[in-house]
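This report describes strand pairing, a chain contact and a DNA-facing surface. Please consult the sequence and the structure shown below alongside the text.

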Number of protein chains: 2
Amino acid sequence: MLTNSRLAYHQHDHKRCINAALNRARLLCDDRQVRLTPIREAVFKTIWTSHRPLGAYDIVDKMTLASSPVKRILPPTVYRSIEFLLEQGLIHRLASLNAYIGCPFPGSDHNDVFLICRACGSVAECSAEYLNTAIAQTATRTNFKVESQVVEIVGLCPECQS
Amino acid sequence: MLTNSRLAYHQHDHKRCINAALNRARLLCDDRQVRLTPIREAVFKTIWTSHRPLGAYDIVDKMTLASSPVKRILPPTVYRSIEFLLEQGLIHRLASLNAYIGCPFPGSDHNDVFLICRACGSVAECSAEYLNTAIAQTATRTNFKVESQVVEIVGLCPECQS
DNA sequence: TACGCAATGTTATAAAATAACGCTTTCATT
DNA sequence: AATGAAAGCGTTATTTTATAACATTGCGTA
């Protein structure tokens, strides 16, 4: 099972997390000949601020604060970057929250299962073979052809159960 | 496996579908001593118009058209009914679509898995034991305590694969 | 009848996302 | 280097989705 739950749920040097993600993103974009522009990179870093998902307007606000006092970053700018990052699989959208979170293993072929903690707001991503098998089975039984899936599990992360 | 895929995907006398759903809803509300008022019932019927999910404003528009030409049904009214129907488990919200659909088996204990056809827009609901088991397993492995889940599968229904 | 509460009406606004258009930058080709 | 097409970004306006706040109505119970 592929998961970043260890990192998502425990104290760690998150700057290294961000840097690692950024490096992966750069390599991946380089590889694919797509441009990770300064704005896209800034949006990416903003989303990677924590292991909690951010809404589009959270990103707008954070980026406006971070930039020079004069300049406002406006929604369309952010949404464009979000669109790009989603296309490249560098971030995910959490439909049940209208929010976005960094993908811990971009480029690898994985289906997305998210564990959303309702207490601390953390989100971990997992990819489990047997879960995908179960989804495939469910679909097969009804002759449904799966193309994509949204699996978001809400509950309590290990840290918030005590 | 509990599913309404047969009905969702094939021609059938949908009026009977609606009536059956309405009867179930009435019994259930009666049982629970909650009030299925005329407005709530109207919203419920509107959502049950088809096996396709409706957005809140679709419901507003449909109901406004259906009622006398003078009277406008306004969003808060509809949202209140939606809230009530969700609480009673009579309808479901599809997070990935911001839309609502009638529950074919309210009252029964079931986890929700939705099969959303991207071609015709139909949605079928399934409850599969092994899928829930798989979700439970995934959670257990990461010590995550599941409280609720959103599983929405997008693809092609049997009718739209040809 | 009067009280209390749930349900609805109404106005206004918040929050999330996109449309449309023009300017600037980038980059391959000359 | 010049240039033309496409991609990226700035800006204004608007659409779509959802809720806040408060007034009014209806309905059962003391």
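**Strand pairing**

In chain A, strand β4 (residues 113-117) and strand β6 (residues 145-156) pair in the parallel sense over five bridges. Pairing requires that DSSP find at least two bridges between two strands; strands (E, at least two residues) and helices (H or I, at least four) are DSSP runs numbered from the N terminus. Within this pair, A:Phe114 lies opposite A:Glu152 of β6(A).

The model is predicted: local features need pLDDT of at least 70, side-chain atom pairs count only at pLDDT 80 or more, and totals for chains, interfaces and linings use all residues. Residues are numbered from 1 along each chain as its sequence is written, while chains are lettered from A and ligands numbered from 1 in the order in which they are written.

The contact (C-beta atoms, placed from the backbone, within 7 Å) takes 37 residues from chain A and 37 residues from chain B. On the chain B side, β4 (113-117), β5 (123-127), α6 (129-141) and β6 each give two or more residues, and β6(B) gives the most, with 12 residues.

**Surface near DNA strand D**

Among the 16 residues around DNA strand D, those that come nearest are A:Thr37, A:Ile39, A:Pro76, A:Thr77 and B:Ala56; a residue is near if its C-beta atom, placed from the backbone, lies within 6 Å. α5(A) gives the most to this surface, with four residues.

Definitions and conventions: Contact = placed C-beta atoms within 7 Å.
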